[in-house]
Amino acid sequence: MGGKQPDESAPVAVRKDTGARRVLRAFRPEGTRVQAGPVEVGGTGFVVMAGPCAVEGVEQVDRTAAAVAHAGAHVLRGGVFKPRTSPYAFQGMGEPGLHLLAEAGRRHGLPIISEVMETSQLPFMVESADILQVGARNMQNFSLLRALGKVRRPVLLKRGLSATLQEWLLAAEYILEGGNEQVMLCERGIRTFETEIRNTLDLAAVAWAKQRTHLPVIVDPSHATGQVDLILPMSLAAAAAGADGLLIEVHPRPEQALCDGNQALTPEHFQTLMQRLPPVLDAVGRHLWRPESPAQVVRAR
């Protein structure tokens with residue numbers, strides 16, 4: 001009863017070390033390899049994820065899936081929840097679009113990646129998507145990051161529009177700290193004073209992240225440039241800079257796209273990109289990812 005009472009005016013003890021820990025190269029010097037279905041990201045193989053910015057319907061997503069699979073893509077991308085600047089812009093098909101994307105992926109033997117925007121979407125996203133994407137606007141959605149730390153699905157974490165490199169790494173730290181070690185970083189361009197190009201692709205950040213972290217690094221030249229004629233040269237530059245893969249927008253009819261048609265490659269342009277990548281990769285000791293055995297061609301679930 002007469003014991004000493006705590007002094008409520010005393011300062012609360014805080015952890016002084018608030019820097020990144022689990023994302024640093026020293027935590028796993030050999031590097032992390034992320035398994036997305038049968039596809040491995042982070043080894044010597046270079047992985048290409050391609051597909052429409054937004055799923056718009058059965059015919060569009062199936063045609064795109066067929067085209068990118070034929071050209072040699074490894075993962076089918078497609079947005080079903082679209083965070084748009086304008087509330088009047090196309091916001092995506094939602095859960096029905098996810099089912100269309102998953103069906104197209106199964107038909108053409110490709111794992112799928114799609115963006116999750118909030119924790120309430122996780123239960124059905126985990127059921128269908130092989131990779132969960134965190135968009136630039138959600139890089140510091142800490143509730144979502146903590147929830148992703150508890151799921152057993154690979155996560156692609158895009159760098160925020162104006163995020164520093166340390167903020168990017170600490171966002172990844174939230175996921176790793178929660179127990180999910182299957183994380184990839186994605187450089188998608190940052191906002192600068194430049195207005196001629198949609199964003200400024202920071203390839204120095206790619207080399208920096210590869211040196212300082214053990215996580216695979218993917219580059220999104222579509223959002224970084226916003227211009228279809230810049231995607232191929234920036235893709236080749238990303239490969240030369242040490243990226244582990246690309247995230248590319250492809251649409252069978254970009255002029256009719258409901259979302260970001262001006263930065264979507266046609267299937268023919270995407271085929272050209274896939275043909276141009278191998279010599280650049282060979283120069284830096286890499287190659288396009290390929291399965292090590294026939295069994296890996298079967299899509300894992």
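Q: Helices (H or I, at least four residues) and strands (E, at least two) are DSSP runs numbered from the N terminus; with that settled, where does Asn180 lie?
A: First, a bit of housekeeping. This is a predicted model, with local features needing pLDDT of at least 70 and side-chain atom pairs counting only at pLDDT 80 or more, while totals for chains, interfaces and linings use all residues. Residues are numbered from 1 along each chain as its sequence is written, and side-chain values use heavy atoms, leaving out hydrogens and water. As for Asn180, look in the loop between H5 and strand S8 (183–187).

Q: Is Asn180 buried or exposed?
A: Buried means under 20% relative accessible area, exposed over 50%, and partly exposed in between (1.4 Å probe, protein chains only). Asn180 has a relative accessible area of 2%. That is under the 20% limit, so Asn180 is buried.

Q: Which residues is Asn180 in contact with, leaving aside its neighbours within four places in sequence?
A: Contact here means heavy atoms within 4.5 Å. Arg152 is 28 residues from Asn180 in sequence, yet their C-alpha atoms are 6.4 Å apart in space. With sequence neighbours within four places left out, the partners of Asn180 are Leu148, Gly149, Val151, Arg152, Arg153, Val155 and Ile175.

Q: What percentage of contacts between residues at least 6 apart in sequence join residues at least 24 apart?
A: Some background on the protein chain: 52% of its 301 residues count as buried, and its C-alpha trace spans about 80 × 45 × 45 Å along the principal axes. Now take the contacts between residues at least 6 apart in sequence; the share joining residues at least 24 apart is 71%.

Q: How many residues does the largest nonpolar core have?
A: A nonpolar core is a set of buried Ala, Val, Leu, Ile, Met, Phe, Trp, Tyr and Cys residues joined through side-chain atoms within 4.5 Å. In the largest one, the residues with the most contacts inside the core are Phe46, Leu148, Leu157, Leu185, Ile248, Phe270 and Leu277, and the core's total is 69 residues.

Q: Which helix gives the most to this core?
A: The top contributor covers residues 165–177 and puts in seven residues. Apart from this core lies another, of 15 residues, with Val34, Leu156, Met184 and Ile218 among them.

Q: What relative accessible area does Leu277 have?
A: Leu277 is found in helix H9 (residues 267–283). Beyond its neighbours within four places in sequence, Leu277 is in contact with Phe46, Val48, Ser235, Leu236, Ala239, Leu246 and Leu288. Leu277 is buried, its relative accessible area being 0%.

Q: Which residues does Gly94 touch, not counting those up to four places away in sequence?
A: Gly94 is in the loop between strand S4 (75–77) and helix H2 (95–107), and it counts as buried at 9% relative accessibility. Lys82 is twelve residues away along the chain, with 8.6 Å between the two C-alpha atoms. Setting aside residues up to four places away, Gly94 touches Val80 and Phe81.

Q: What relative accessible area does Gly19 have?
A: Gly19 is found in the segment before strand S1 (34–36). Its C-alpha is separated by 15 Å from that of Ala209, 190 residues apart along the chain. Gly19 is partly exposed, with a relative accessible area of 34%.
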